[in-house]
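Subject: Structure handover

Hi,

Here is the structure for you to look over. My notes on the aromatic and nonpolar contacts follow below it.

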Amino acid sequence: MNHETLLEFVLYDLQLVALTIFVLLYAIKIRQLLMLPLPLEGGAADQETSTGRAVAVSYASILSPLAMESTRRHWRRWAVFAAYHIGILVAITATFTIPFTPGLMTQSVRRVAATAIALGLVAGFVKIYWRLTLPELRSISQPDDFFGLTILQVWFAIAIPAVLLNHPGWLVVYFVMTALLLVYVPVSKISHYIYWFFSRYLFGRRYGRRGVL
Amino acid sequence: MSEIVKRAQEELDKRYNRLVALNASSLCTRCGLCADSCHFYLANGDPEVAPAAKTERVRSVYRRQHDWLSRLFPNFTGARELTEDELDAWVDIAFRYCTMCERCTVNCPMGVDTPVVMGAARGTLTAIGKAPEILVQLADAEIARAESIDIFKDMLKEQIGFLEEELREETGDPEASIPMEKEGSEILYVALSGAHTILPAAKIFHRAGVDWTLSFFEASNYAVFLGDMKRAKAIAQRIIDEATRLQVSEVVITECGHAVFSYRWSTPVWFGELPFRIRSLIEVIHDYVRDGRIQLDQTANPDPITFHDSCNLSRKSGLAEQPRAVLESAAADFREMTPNREKAFCCGAGSGLVAVEEWRDTRLAAGRPKAEQIRNTGARVVVTSCDNCRHQLGDLGEHYGLEIEVKNLAEVTARALC
């Protein structure tokens, strides 16, 4: 297999297989969750409330560090969270734009994307440092917390030259790593984000019905 | 696996519904942001009592059973087998160091519902006989009272007779009464044991000209604290049956946080649609003031007053504005604590903790953030609409030298009646 064939394989075929596994695993997990009975409370507040609005407020809270006392007080942690997740979002987006819309990946776009991922990498180091040093974090950290952070750090570190240089060697490593992550993420605690959608919906629904939000 | 652990595992499995599964999943990222939203953590700085750490104890057992990776590599994910020692540790984390106040939930970016996980742990511990004995006894006493109500009726009527005399004296109306078993009344008022939950409400009903009747039963429902929904439903059934028999239009629950919460949000699930509505006394007082059915004189309560939000009422039931509106009319100098409303700190003794005497030191320490809030207002009177909080705030006042009087909203309102 020559370099070009290998690159084409990891950019398209391997990603397709990994994405299929990714979707299948999530489909099974979500089905398992939805098969369980959902004990919802009855009743509704007397005062005028809008559950829809409360759900929207619940989802929007992630974007507003001032909305919660915890993120207001620990704004540095929120900033690191934001930088880290923007880095992830950009690194994921690049795995689609590089093979499917290469024209979009101009040199300046590459620079911006690489910078965002680099910031994510820095944020990842801060997260690891906090997890090792803050007592309330250290006491609840498990090996999979460190493993998850570490493999994403490796992924970020590979993504930066891959996105910036567009070199076939880096791209192969980046896309192989992405494929491995796609299979690992649904079974790991990194899958928290998928539950976030359910949780914030239920939070908004509950507090909306009760007239709190 | 011992018999008790086997039973506990079965009870945990029974409680594994969608809410428990979601909150026991990897939803919690173990970010630790919840730590200082918890009064127990603030009290002693012990990371083991931070919300994420407490729920992690229970979550790790669920994970061992239900999470794919944890089944294969439990040490990697921190998943645990259930053991009797673990269950003993749960008694502390679920009953002693968590008041199910939901303050961590509203401060969690992921929305982890800690009380859902703790509720599963409490229910499991109750089912295997490891719940605090006093809570079990109190719940059983509530059921026993319903089973032999005829024995209590005459005694209760006699006691109410004394309060009735007091009511007549204070209102100056020789016809003023505290009716019981009055069919077709507008309101069935469910109080607690203690004149402070009966007499002020009676004065307010009298002044508002309401057709009401007093329930034979107390509003409290200790089975809710136990996570024992079967027993909680049996306790609620007493009030539902009484209200149905008396054909009232409305059941009004006294100033009791967990009672309002459970009657308001759980009874529709347990009993379906009812022929009467259920409200809190604070909503009723608010409506009387708003509609001009009672007039209040602020000068009757001249001392600086602050209001403590019961978690069950403000954060969990959206009843934060009504008591404030009443206090603005009933008190000359109303001051807010910060933070307040749904962001307020728990008093430190909710969800049954106040009843467990051997954990008194724990709850007094956990009440420190609340005591500091009160001190910062400079208030001499603290009003709260929950009897559990009232008890704890009184103790906090003594313990932290706050020089405060603790009253409920009805007392302050009754005093201000024109």
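Is B:F76 buried, partly exposed or exposed? B:F76 is partly exposed, because its relative accessible area is 23% and buried means under 20%. Bear in mind that this is a predicted model.

Aromatic pairs first. A search over all chains finds 20 of them. One is formed by A:F147 and B:F76, and it is edge-to-face. The centres are 5.5 Å apart, with 75 degrees between the planes. This pair crosses between chains: A:F147 is in helix 7 (residues 143–165) of chain A, and B:F76 is in helix 6 (residues 74–77) of chain B. A:F147 is partly exposed too, at 35% relative accessible area.

B:F40 and B:Y97 also pair edge-to-face, with ring centres 5.8 Å apart and planes at 80 degrees. B:F40 lies in helix 3 (residues 39–44) of chain B. B:Y97 lies in the loop between helix 7 (84–96) and helix 8 (103–106), so the pair ties together parts 57 residues apart in sequence. B:F40 is buried at 2% relative accessibility. B:Y97 is buried at 19%.

Chain A has an aromatic cluster: A:Y84, A:W155, A:F156, A:Y174 and A:F175.

Next, charges over rings. The charged end of A:R200 sits 4.5 Å from the ring centre of A:F203. For B:R103 over B:F345, the distance is 3.7 Å.

Last, the surface. A:Y12, A:I92, A:F96 and A:F100 form a nonpolar patch with about 380 Å² of accessible area together. Helix 4 (residues 75–100) of chain A gives the most to this patch, with 3 residues. A:I92 is in that helix and is partly exposed at 38% relative accessibility.

Best wishes

Definitions and conventions. Residues are numbered from 1 along each chain as its sequence is written. Chains are lettered from A and ligands numbered from 1 in the order in which they are written. This is a predicted model: local features need pLDDT of at least 70, side-chain atom pairs count only at pLDDT 80 or more; totals for chains, interfaces and linings use all residues. Side-chain values use heavy atoms; hydrogens and water are left out. Patches are made of residues with over 30% relative accessible area and no salt bridge: like charges are joined within 9 Å, nonpolar side chains (Val, Leu, Ile, Met, Phe, Trp, Tyr) within 5 Å. Accessible areas come from the Shrake-Rupley method with a 1.4 Å probe; for residues, only the protein chains shown count as cover. A salt bridge is a side-chain nitrogen of Lys or Arg within 4 Å of a carboxyl oxygen of Asp or Glu. Helices (H or I, at least four residues) and strands (E, at least two) are DSSP runs, numbered from the N terminus. Buried means under 20% relative accessible area, exposed over 50%, partly exposed in between (1.4 Å probe, protein chains only). Rings of Phe, Tyr and Trp (its six-membered ring) pair if their centres lie within 6.5 Å; planes under 30 degrees apart count as stacked, over 60 as edge-to-face and the rest as tilted. A charge sits over a ring if NZ of Lys or CZ of Arg is within 6 Å of the ring centre and within 35 degrees of the ring normal.
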